[in-house]
Amino acid sequence: MRLADNWKEYELLDATAGNRLERWGKTVLVRPDPQVVWSFAEKSPLWARADAVYHRSAAGGGGWEKGRRLADEWAISYGELRLKVSPTGFKHTGIFPEQAVNWDAYRRLIAGAGRPVRVLNLFGYTGGATLACAAAGASVCHVDASKGMVAWARENAALSGLDSRPIRWIVDDCGKFVQREARRESCYDAIIMDPPSYGRGPSGEVWKLEDSIFALIESCSAILSEQPLFVAVNSYTTGLSPAVMEYMLRTMLCPRFGGSTASDEIGLPVTATGGALPAGATSFWLADGVNAEA
C-alpha cells in the first residue's frame with residue numbers, strides 16, 4: 001500500500017467504530033468511513049472535542065452536527081498547493097487526502113519527462129491532481145460533470161497561485177467529452193481518471209463504474225499521443241480490484257505502446273495506532289523507462 005504520508009496540515013488522528021477522526025488544519029472532524037469495520041477503544045482525546053460530527057440518517061444521506069467554532073470553509077496546504085476545505089451535505093470536504101500520494105507521483109512523472117506534457121484529468125473534482133500536474137509544468141484539461149466542482153477547482157487554482165497556468169476548465173460528461181476529442185483528433189500525453197463508483201452526468205446520464213470503465217479506458221486509448229507518458233485510473237469501488245483495472249490497462253495499452261503496468265491500494269497513516277487505513281486503489285500504465293515512485 002502506498003501511503004499519503006507527506007501531509008502537514010491534514011492528519012488521520014484515529015479510526016474506529018465506523019468513523020474517522022481527522023484534523024484539517026486546526027479543525028477536527030468526525031466522518032463515517034465504511035472501511036472502518038473495527039471497534040477498538042478510542043485512543044485520541046480529540047474524539048470528545050471535535051468541531052463537527054457527520055451523522056448518517058436511517059432514511060439515507062445525513063448531516064453535520066456543528067460546534068460553534070466550525071467555519072463554513074477554510075484552506076489547508078499540501079506543499080505549494082492551497083486547497084479549500086468545506087464540509088458538504090454528503091460528508092465530503094472537497095479533498096480526498098489519500099490522493100496526495102498520487103499527486104506526488106504525477107509531479108515526478110511530469111518533471112522527469114524532459115518535454116512538454118499535455119494532461120487530461122477526467123472526473124477532476126476540486127482539482128488536486130490538475131494543480132499538481134500544472135505545478136510540475138504540464139498543460140492540463142480538467143473535466144468534471146459538476147459545474148460547482150469545476151468552480152471549486154478554479155478557486156483552488158487561484159488559492160495556489162496557479163490560475164495563470166495553461167489549464168482548460170470543462171463542464172461535461174467525461175465519456176462524451178473523450179469521444180468528441182477523438183473526433184477532433186486531439187491527443188494527450190497523460191490521462192488521469194478518478195471516476196466515482198456511481199454518478200450522473202449533467203444531463204442525467206447514469207455512470208456505474210463496473211459497467212462503464214472498460215468503454216472509457218478504450219475511448220481514452222484512442223486519444224493518447226504517439227509517445228504517451230502515463231495513464232492512471234483510480235477506484236473507490238471495493239468490488240473492483242486494482243488487478244482488474246491493471247489487466248484492462250495492460251491488455252489495451254501495452255501491445256500498442258509497450259511500457260508496463262502496476263496497481264496497488266492507497267491509504268492514510270493512522271496516528272493513534274501506527275496502522276494504515278485503505279482508501280481506494282490506483283492502477284498505472286507507464287511508458288518504457290518510467291517509474292512512478294522514482
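Buried here means under 20% relative accessible area, exposed over 50%, and partly exposed in between, with a 1.4 Å probe and protein chains only. Helices (H or I, at least four residues) and strands (E, at least two) are DSSP runs numbered from the N terminus. The model is a predicted one, in which local features need pLDDT of at least 70 and side-chain atom pairs count only at pLDDT 80 or more, while totals for chains, interfaces and linings use all residues. Residues are numbered from 1 along each chain as its sequence is written, and side-chain values use heavy atoms, with hydrogens and water left out.

H2 is mostly covered, as eight of its eight residues are buried. Among them are Gly 128, Thr 130, Leu 131 and Cys 133. After H2 comes Gly 137, which has a positive phi near 110°.

Strand S10 (residues 139-144) contains His 142, a buried residue at 0% relative accessibility. A polar atom of the His 142 side chain lies 3.4 Å from the backbone oxygen of Tyr 125; a polar contact is a pair of N or O atoms within 3.5 Å, where within protein one must be able to donate a hydrogen and the other to accept it, and residues adjacent in sequence count only if both atoms are side-chain atoms. Leaving aside residues up to four places away in sequence, His 142 touches several others, including Asn 121, Tyr 125, Thr 130, Val 150 and Trp 169, where contact means heavy atoms within 4.5 Å.

S10 pairs in the parallel sense with strand S11 (residues 167-171) over five bridges, two strands being paired if DSSP finds at least two bridges between them. Within this pairing, Val 140 stands opposite Ile 167 in S11. The chain passes from S10 through helix H3 (residues 147-159) to S11 in a right-handed β-α-β crossover. Right-handed means that, with the strands pointing away from the viewer, the path from the first strand over the helix to the second runs clockwise.

Turning to the aromatic rings, those of Phe, Tyr and Trp (its six-membered ring) pair if their centres lie within 6.5 Å; planes under 30 degrees apart count as stacked, over 60 as edge-to-face and the rest as tilted. The count by this rule is 12 aromatic pairs. One of them, Trp 7 with Trp 103, is edge-to-face, at 6.2 Å centre to centre and 65° between the planes. Trp 7 sits in the loop between strand S1 (2-3) and strand S2 (10-16) and Trp 103 in helix H1 (residues 100-111), so this pair ties together parts that are 96 residues apart in sequence. Both tryptophans, Trp 7 and Trp 103, are buried. The ring centres of Phe 96 and Tyr 125 are 5.2 Å apart with planes at 45°, so that pair is tilted. Phe 96 is partly exposed at 24% relative accessibility, whereas Tyr 125 is buried at 17%. Ring pairs also link Trp 7, Tyr 10, Trp 24, Tyr 78 and Trp 103 into a cluster.

Lastly, a search of the whole structure for disulfides, pairs of cysteine sulfur atoms within 2.5 Å, finds zero. The cysteine sulfur closest to that of Cys 220 belongs to Cys 174 and is 8.7 Å away, too far for a bond. For Cys 254, the closest is the sulfur of Cys 220 at 16 Å, which is also too far for a bond. Cys 220 is buried at 2% relative accessibility, and Cys 254 is buried at 17%.
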